[in-house]
Amino acid sequence: MRKTFVALAAMSALACGSANASIDNYFASLLGANEVPAGDIDGFGSALLAIDNVANTVSWAILALGIEMPLTGAHIHQAPAGVNGSVIVNFSAALIGATLADADLALITPASAAGFYVNLHNATYPGGAIRGQLQYVGTVAAPGLDNVTAPVPEPETYALMLAGLGVVGFVVSRRRRVAA
């Protein structure tokens, strides 16, 4: 399953890459049990982030299941597991987005990724419904693209990716229930 997420992260990075950039890819497994204090115990999801470490931009796709919608917030926070931290990147409650610029993205590196987490908030859990620490997946370098503009993915591409993540989440959920 990890190979699937690595492939998805690499594809999203290539679709959103800029010339001569290195795109760092991160994954977060979101659970209510990761919240401090505990969030929505029925909630789970995943987040894929592609951070352009030259332009300080991020593209993201987040899947959230088992939590109340709409979201009141979606952020990257700075803090290790088990500790609440301050917001450094605000996704404006959007589950999908591309090329959001934020200078604080420079703080997130492969070596420091575990010190940051993705957090989703809703009306029932204003402090956070589900949360997951960032895990570095890999870097995609884009050399030799000096005068080439990367294609902009259509919304259907993101919808298809989220549908696939939904299927993976459903399978994981079923396996947890069968094992219990």
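Accessible areas in this talk come from the Shrake-Rupley method with a 1.4 Å probe, and for residues only the protein chains shown count as cover. On that basis, the chain exposes about 8900 Å², of which carbon and sulfur atoms supply 63%.

The model is predicted, so local features need pLDDT of at least 70 and side-chain atom pairs count only at pLDDT 80 or more, while totals for chains, interfaces and linings use all residues. Residues are numbered from 1 along each chain as its sequence is written, and side-chain values use heavy atoms, with hydrogens and water left out.

Let me begin with the overall architecture. The chain has 2 helices and 9 strands; these are DSSP runs numbered from the N terminus, H or I of at least four residues for helices and E of at least two for strands. From the N terminus, the order is α-β-β-β-β-β-β-β-β-β-α. Of the 180 residues, 42% are buried, where buried means under 20% relative accessible area, exposed over 50%, and partly exposed in between, with a 1.4 Å probe and protein chains only. A contact is a pair of heavy atoms within 4.5 Å. Among contacts between residues at least 6 apart in sequence, 68% join residues at least 24 apart.

I turn now to the interior. A nonpolar core is a set of buried Ala, Val, Leu, Ile, Met, Phe, Trp, Tyr and Cys residues joined through side-chain atoms within 4.5 Å. The largest such core has 26 residues, and those with the most contacts inside it include L49, I76, F91 and V118. Strands 1, 2, 3, 4, 5 and 7 each supply at least two residues of this core, and strand 3 gives the most, with 4 residues. As for V118, its contacts beyond four places in sequence include A28, L49, I62, I76 and L134. Apart from this core lies another, of 7 residues, among them F27, L48, A61 and M161.

The next topic is aromatic pairing. Rings of Phe, Tyr and Trp (its six-membered ring) pair if their centres lie within 6.5 Å; planes under 30 degrees apart count as stacked, over 60 as edge-to-face, and the rest as tilted. The structure holds 2 such pairs. One of them, W60 with F91, is stacked, at 4.2 Å centre to centre and 20° between the planes. This pair links distant parts of the chain, with W60 in strand 3 and F91 in the loop between strand 5 and strand 6, 31 residues apart. W60 is buried at 6% relative accessible area, and F91 is buried at 2%.

Most residues other than glycine have a negative phi, and most peptide bonds are trans. S92 has a positive phi, near 55°, and is exposed at 59%. A93 also has a positive phi, near 65°, and is partly exposed at 25%. Two peptide bonds are cis: V36 to P37, with omega near -10°, and M69 to P70, with omega near 5°.

Finally, which residues are brought together across the sequence?
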